[in-house]
2 protein chains.
Amino acid sequence: MKAHVITIGDEILIGQTLNTNAAYIGEKLSNLQIDLTSTSVVGDNETAILDDLKRTFNSNDLVIITGGLGPTHDDVTRKCIVKFFETELVKNEDVLEDIRKLFKQRGRDVTKINEDQANVPKIAKIIRNGRGTAPGVWIEKDKKVFVAMPGVPYEMKSMMDDFVVPKLQSKMDGIKSVKKIKNLLTTGIPESHLYERLGNLDELLQDAKLAFLPNQFGVKLRITVHGDSEEEVGNRLTEIEQRIRSLVGRYIYGKDDETLEDVVARLLIDRGLSLSVAESCTGGLICHRLTNIAGSSSYFERGLVSYSNGAKVELLEVDEDMMHEFGAVSLEVARQMANGVKAASGTDLGISVTGIMGPTGATEDKPVGLVFIGICDDKMCTAKEFHFGDDRLLNKDRTSQAALEMLRRNLLGIPYDE
Amino acid sequence: MKAHVITIGDEILIGQTLNTNAAYIGEKLSNLQIDLTSTSVVGDNETAILDDLKRTFNSNDLVIITGGLGPTHDDVTRKCIVKFFETELVKNEDVLEDIRKLFKQRGRDVTKINEDQANVPKIAKIIRNGRGTAPGVWIEKDKKVFVAMPGVPYEMKSMMDDFVVPKLQSKMDGIKSVKKIKNLLTTGIPESHLYERLGNLDELLQDAKLAFLPNQFGVKLRITVHGDSEEEVGNRLTEIEQRIRSLVGRYIYGKDDETLEDVVARLLIDRGLSLSVAESCTGGLICHRLTNIAGSSSYFERGLVSYSNGAKVELLEVDEDMMHEFGAVSLEVARQMANGVKAASGTDLGISVTGIMGPTGATEDKPVGLVFIGICDDKMCTAKEFHFGDDRLLNKDRTSQAALEMLRRNLLGIPYDE
């Protein structure tokens, strides 16, 4: 199955918005073994959209288009679909109901231009939108498939996951070649060290492929295996994963789309433990990540964002004299913060961070990127020193990741050193 | 001048790498007033590249291609250029010198496949590469321009900045047309309501363009004006901006790349005011956003992520009986939380949020998406009810944005109720 993706929007052409939609769809099609041979971006322009649609629908089995389905004058995709497929617009009562419900939920009046979005191409199967007003469109013609979705990423993603991928999957059943991809997520070890510890890659992988994909949260190891049957490919993937785990297992916190907060949440729930957090330099990011998980109230009790020194003393009972002697960014303050938040909240565990995120705040002996992370449980109370980079936002991400990783190691009894 | 950009690479098609090169080039061309009408991505495949080159060179004045110029077997762009322009490869001594120098600098031997990169298309002007081994290529034919650059972003960017942009600039010098873009950032009003309030767009804009770009933080209004001179275009842009501001000004919190936390930080610093935050449902996100701003310690004193009811009572002196009567998610609790955090921290302002982010936690009369936001200053203490959607992470984003917007309105004396 050959596919093409068209993204519509001047904001992408002029570089104001990155084309994350095409990347998201590309990844999903790749997982489905569908061959995405090309993508294109065109502006909010009827002629340009129609031309690209004609060109690409002609030479592909699947064309997916995103963007230009909104309610305003610059959204012209629906008009292009009607022209291209020589169909007409008809009112869809389900969609109208969805739109009215959405506005009611938000306590707002429905406008005429939103109600007009319930007029959909007659020949289309409608993809309902749980997150916005524009419905998506699925059309089959001449054994080819055409899909249109809104450009708002979270609306597009939920349509893709809930409707388009399952429907394409059923079309791909019966096709023989099998590809499997697995991502192992590591943190706390640089790419080059990981590479060295894995040793001879040809021996490790045989004819599988391994990619190293680093970012501020760690290095993703992507394993790709091709073969003739589900079983064979699955077995080889498992074998390679086991060999990788035997070499660098302690750094692997999760797989595929998991986040470290997902993993930590599961561990805390399994063990029936509660947690509180004292954050200085990350300013709330650790609490934010922990509470991104549905049901986090079962283990997360409170977070104290003690940004000022006064807050550290008042809320966490950090010793004021000691803080003046060693500085707010110190091993001892981190330890006392973790202990203080655990004591104040009565939780099983307390974690803390204090550091210098930059660009300002460095002193002669304390550079930007210096961070101390503390952790206390019922048996011990400890802290550890870290050195990150120059960029404030990346440093916040890295610090939050290291703190959650210290927590994961504590819960699993894996030593943190090295 | 009409332009097209081709990006080459399987990793972009399957969504492993975002197409930042096309975005970078798009922004530069937009600044040069060159009309980038479309872009495309094709895989590392000779036939596909040649086809796309034929198609796009035919209908544009400028085609820029990035990627596929490396030394290995899967880099086929140079071969395609030779075929398409019916030319041949000749050795370029300057490029050979550059390559040898680069390897010497890194203390490595030059390989045969790297030396081969000094063989360049005969009809091309060479763009030397200070950061890697692959030279870029500039070809003029039939009054059209063709440019090829490596796909490594920092190599491409330096070629673009040092060679391609100045050369295109000199070609555009005689051309009169000027284009200016301005983004006005709104929040707290849906796209369709904004559209209605702006009334007759033809009258408002005349021949300027206006795009509505919504996401969970609000709607971006992008104004584009074309004209003959800098001054004329600047004046018309100012006029249109003023007219838009007169209609929906209270919803506009910033412009272009600003975030709401940038704007709020500036206002707090200007007024010398300090802030503390009590977060329940957003779980630290508001504090995280506020502390993303360098220097935030000058106005942000502390944040209390009072996730449990116990924490609300202990840290914020929320009245326990009242909370049992009205529930933790209520107008009165929001008001008391804002008041409590302001009192505990001794800041000039206190803000608070409490709500149900989903998917769980709803009750019969309190649905997912229900949020109360409180704000207290030295004169008053108030709270307001909001209704957001079903998605937990989007609800956290929306709630944090609404809280910061209430703060902005408070600081500017703009009433929050419409």
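These legends go with a set of close-up views of a predicted model.

**View 1. Chain A as a whole.**
Let us start with the overall picture of chain A, which has 16 helices and 17 strands. Its C-alpha atoms fill a box of roughly 80 × 60 × 40 Å, taken along the principal axes. Of the 418 residues in chain A, 46% are buried. Among contacts in chain A with a separation of 6 or more, 65% come from residues 24 or more positions apart.

**View 2. Where chain A touches chain B.**
Here 66 residues of chain A are in contact with 65 residues of chain B. Several elements of chain A give two or more residues to this side, including helix H1 (10-13), helix H2 (20-31), strand E2 (35-42) and helix H6 (112-115). Further along chain A, helix H12 (285-290), strand E14 (300-305) and helix H16 (392-412) also belong to that list. Which element gives the most to the side of chain A that touches chain B? It is E2(A), with seven residues. By residue class, the side of chain A that touches chain B divides into 25 nonpolar, 30 polar and 11 charged residues.

**View 3. Two strands paired between the chains.**
This view stays with E2(A), which pairs with strand E2 (residues 35-42) of chain B. The pairing runs in the antiparallel sense, over five bridges. To find your place, look for Val41(A), which stands opposite Thr39(B) in E2(B).

**View 4. An open four-stranded sheet in chain A.**
The four strands follow the order E10-E11-E9-E12 (chain A), with antiparallel pairing. Strand E10 (209-215) and strand E12 (252-255) of chain A each have a single partner strand, so one side of each is left without a neighbour in the sheet. From one strand to the next, the twist averages 25°.
Now follow E10(A) to its pairing with strand E11 (residues 218-227) of chain A, which is antiparallel and spans seven bridges. A handy landmark is Leu213(A), standing opposite Lys220(A) in E11(A). Helix H8 (residues 191-198) of chain A lies across strand E9 (178-186), E10 and E11 of chain A. Relative to E10(A), H8(A) runs at about 155°.

**View 5. Two helices crossing in chain B.**
Two packed helices are described by the angle between their axes and the distance between the axes. At what angle do helix H3 (residues 46-59) and helix H4 (residues 77-84) of chain B cross? Their axes come within 10 Å and cross at roughly 45°, which makes H3(B) oblique to H4(B). The crossing of H3(B) and H4(B) is right-handed. On the H3(B) side, the contact is made by Glu46(B), Ile49(B), Leu50(B), Leu53(B) and Lys54(B). Facing them from H4(B) are Thr77(B), Lys79(B), Cys80(B), Lys83(B) and Phe84(B). Sorted by class, the residues of this contact of H3(B) with H4(B) comprise five nonpolar, one polar and four charged.

**View 6. Around Lys101 of chain B.**
Our last stop is Lys101(B), which lies in helix H5 (residues 93-105) of chain B. Is Lys101(B) buried or exposed? Lys101(B) counts as exposed because it has 12 C-beta neighbours inside 10 Å, and a residue is called exposed at 12 or fewer. Thr133(B) is 32 residues from Lys101(B) along the chain, and the C-alpha atoms of the two are separated by 9.9 Å.

Note on methods
Residues are numbered from 1 along each chain as its sequence is written. Chains are lettered from A and ligands numbered from 1 in the order in which they are written. This is a predicted model: local features need pLDDT of at least 70, side-chain atom pairs count only at pLDDT 80 or more; totals for chains, interfaces and linings use all residues. A residue is buried if 20 or more other C-beta atoms lie within 10 Å of its own, exposed if 12 or fewer, and partly exposed in between; C-beta atoms are placed from the backbone. Axes are lines fitted to C-alpha atoms, for helices over the stretch in contact, and angles run from 0 to 180 degrees between N-to-C directions. Angles under 35 degrees count as roughly parallel, over 145 as roughly antiparallel, 65 to 115 as roughly perpendicular and the rest as oblique. A crossing is left-handed if the near helix is turned anticlockwise from the far one by less than a right angle, and right-handed if clockwise. Two residues are in contact if their C-beta atoms, placed from the backbone, lie within 7 Å. Ala, Val, Leu, Ile, Met, Phe, Trp, Tyr, Cys and Pro count as nonpolar, Asp, Glu, Lys and Arg as charged, and the others, Gly among them, as polar. Two strands pair if DSSP finds at least two bridges between them.
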